[in-house]
Amino acid sequence: MLITHDTRCALDTVVDLVNTAPENDTAPDGLTDVASLDDFVRNHEVSDVGALSEFDLAAVRKVRGRFAEVFAAPDPGSAAAVINDLIAAAGTTPRLTNHDGYDWHVHYFAPGASVADHLAADCGMALAFFVVAGEQERLRRCEAPDCRRAFVDLSRNRSRRYCDSRTCGNRLHVAAYRARRKEAAG
């Protein structure tokens, strides 16, 4: 599957956005205030965003929840329904642009759109490409029992199971190894 630079950036953004949501009632929200939203926007180089407000924060949290639904969708039809709602609500206006040193690419948000509509349109379209390509199963949640972080499995054989093999994957492999040793020692 060919993934263009702007699609990859949108995928990274949507995964990071979904992962700002608290995993449980005791975990902190990664978007606690307007300053944290501003940091998120700046760190992900989201273009054409003006001054942010509490309204933007609430709207982005709502979009984040809808993106989480896409990662939890049991089938392409369910994912497509959520993505279609997001894109339609954002009032997409595809346009070619070349900014900030990047070659020509497509933005799907209307000029002057809110940050929530911008994210819904651009990130929604990136997710849509996966559904269209029959690759919706690549939109996953970590299989570690104590982690539910979202990720996009870009491995050649679609075999990635953990959000990060160096943390979640390694931790589970070490635990399984120790359990086998303990059992063998009897």
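**Exercise 1. In this predicted model, what covers the buried residues of helix 2, and on which side of the helix do those residues lie?**

Solution. Begin with the residues themselves: in helix 2, which runs over residues 34–43, the buried positions are Val34, Ser36, Leu37, Phe40 and Val41. Next, consider their directions around the axis: they cover an arc of only 160°, and therefore they sit on the same side of helix 2. Then look at what lies over them: the cover includes helix 1 (5–18), helix 3 (54–72) and helix 5 (115–132). Finally, follow the chain past the end of the helix, where helix 2 is followed by glutamate 45, a residue with a positive phi, near 50°.

**Exercise 2. Find which residues have the most contacts inside the largest nonpolar core, and which helix gives the most to this core.**

Solution. The largest nonpolar core has 45 residues, and those with the most contacts inside it are Leu37, Val60, Phe67, Phe71 and Leu127. At least two residues of this core come from each of helix 1, helix 2, helix 3, helix 4 (76–90), helix 5 and strand 4 (150–152). Helix 5 gives the most, with 12 residues. To see one of the members in detail, take leucine 37, which, when residues up to four places away in sequence are not counted, touches Leu31, Leu52, Asp56, Leu57, Val60 and Val115. There is also a second, separate core of 7 residues, including Ala144, Cys147, Tyr162 and Cys168.

**Exercise 3. Is glutamine 136 buried or exposed, and which backbone oxygen lies 3.1 Å from a polar atom of its side chain?**

Solution. First locate glutamine 136, which is placed in the loop between helix 5 and strand 3 (139–141). Its relative accessibility is 8%, so glutamine 136 counts as buried. The backbone oxygen in question belongs to alanine 73, 3.1 Å from a polar atom of the glutamine 136 side chain. Leaving aside neighbours within four places in sequence, the contacts of glutamine 136 are Val70, Ala73, Asp75, Pro76, Ala79, Phe130 and Val131.

Notes:
Residues are numbered from 1 along each chain as its sequence is written. This is a predicted model: local features need pLDDT of at least 70, side-chain atom pairs count only at pLDDT 80 or more; totals for chains, interfaces and linings use all residues. Side-chain values use heavy atoms; hydrogens and water are left out. Buried means under 20% relative accessible area, exposed over 50%, partly exposed in between (1.4 Å probe, protein chains only). Helices (H or I, at least four residues) and strands (E, at least two) are DSSP runs, numbered from the N terminus. The arc is that of the directions from the helix axis to the C-beta atoms. Contact means heavy atoms within 4.5 Å. A polar contact is a pair of N or O atoms within 3.5 Å; within protein, one must be able to donate a hydrogen and the other to accept it, and residues adjacent in sequence count only if both atoms are side-chain atoms. A nonpolar core is a set of buried Ala, Val, Leu, Ile, Met, Phe, Trp, Tyr and Cys residues joined through side-chain atoms within 4.5 Å.
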